[in-house]
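Subject: Handover of a structure

Dear colleague,

Please find below the structure that I am handing over to you.

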Amino acid sequence: MITVWGRATSSNVQAVMWCLAELGLEPVRHDAGHVHGGLDTPDFLAMNPNGTIPVLRDGTGDAIWETGAILRYLAACYGDAHFWPADPAARAQVDKWAEWAKINVVTGFVRPVFWRVAKTAPADRDPVAIAAALRALDRFLAVAEDRLAAHDFLAGESFTPADIQFGHVLWRYYDIDIPRGDFPAIRRYYERLAARPAYRAHVMIPYDSLAPGAA
C-alpha cells in the first residue's frame, strides 16, 4: 500500500497524486499541512524532519520526501520505458526537463505569482512585484513554448515526469487573474493535459481555501 501525506490543495501534492493516478496506482492520502496541521508532530517529523509535504511511503519502506525524488521513485518502480526510459542517456533527457521545470517554472510561479494573487488580499498585493515575476517567468515559458511547438511533450514525444513537474502548475497559471504572454503551443499542450482524467481529478481542483480569510 502506498501512503501519501499532504493536503489536496498543495500543488506539490497534486503533482504526486497526478503521477500515481497516471501509473494506475491507488494510494491512501492523509490530509496534512495548512488548515489540517500535523507537520510539527513527532510522528511526522520522524518521517520528514523538514516538516513539509508531500511525503510518500511505499509499503513498509522508508519515507520519501521532496516532490522530484518521489516522482523519480514512482517512475522507476512503476513506469514503463516511455514514461521513464531504461537507457541512462534517454532518462537524463527526461530528468533534465523535469528539473528545469521545477527550478525555473514552479519556483518562478508559485510563490512570486500565485501566492501574491490567490493567497493575498487584493489591497495587500504588490502589482509591481507580480509584474516583475511574470516577466521573469515569461523568459522560461518562452523556452517551453519553443520546445512544445516542436514536440508533443516537454521531454519529447512521450508523456513523462517532466510533464508532471511542468504541467501541474498550468491550471492555476491559466485560472488566476493575471496578464499572460502569447504562448499558443503551451496553451494547446495545457488543453491536452486538461483532457487527461488524472489531471482533472488531482490538479484541476478548487483552491478557495487558500484565500485570505477562508475558513
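The sulfur of Cys77 lies 11 Å from the closest cysteine sulfur, which belongs to Cys19, and this is too far for a bond. A disulfide would require the two sulfur atoms to be within 2.5 Å. By this rule, the count for the structure comes to 0 disulfides, and Cys19 is accordingly in no disulfide. The surroundings of these two cysteines may also be of interest to you. Cys19 is buried, with a relative accessible area of 0%, whereas Cys77 counts as partly exposed at 42% relative accessibility. Please keep in mind throughout that this is a predicted model.

I turn next to the pocket and the cavities. The largest pocket has a volume of about 750 Å³. Its lining consists of 28 residues, and those that lie nearest the centre are Ser11, Asn12, Ile53, Val110 and Arg111. Helix H1 (11–22), helix H3 (67–78) and helix H4 (88–118) are the elements that give two or more residues to this lining. The largest share comes from H4, with 8 residues. By class, the pocket lining divides into 10 nonpolar, 12 polar and 6 charged residues.

A search of the whole structure also finds 2 cavities of 30 Å³ or more. The largest cavity has a volume of about 50 Å³. Among the residues that line it are Gly68, Arg72, Trp84, Asp95, Glu99 and Gln165. At least two residues of this lining are supplied by each of H3, H4 and helix H6 (161–167). The lining has 4 nonpolar, 2 polar and 3 charged residues.

The second largest cavity has a volume of about 30 Å³. Val105, Phe109, Leu137, Leu141, Val169, Leu170 and Tyr173 line this cavity, with H4, helix H5 (127–150) and helix H7 (170–175) each giving two or more residues. Its lining has 7 nonpolar residues, no polar residues and no charged residues.

Leaving aside residues up to four places away in sequence, Leu170 touches Ile186, Tyr189, Tyr190, Leu193 and Tyr199.

Yours sincerely,
A colleague

Note on methods. Residues are numbered from 1 along each chain as its sequence is written. This is a predicted model: local features need pLDDT of at least 70, side-chain atom pairs count only at pLDDT 80 or more; totals for chains, interfaces and linings use all residues. Side-chain values use heavy atoms; hydrogens and water are left out. On a 1 Å grid over the protein atoms alone, a cavity is a set of points where a 1.4 Å probe fits but cannot get out, and a pocket is an open set with protein on both sides within 12 Å along at least five of seven lines; lining residues have an atom within 4 Å of a point. Grid points are joined across faces, edges and corners, and a volume is the space filled by probe spheres set on the points. Helices (H or I, at least four residues) and strands (E, at least two) are DSSP runs, numbered from the N terminus. Ala, Val, Leu, Ile, Met, Phe, Trp, Tyr, Cys and Pro count as nonpolar, Asp, Glu, Lys and Arg as charged, and the others, Gly among them, as polar. Contact means heavy atoms within 4.5 Å. Buried means under 20% relative accessible area, exposed over 50%, partly exposed in between (1.4 Å probe, protein chains only).
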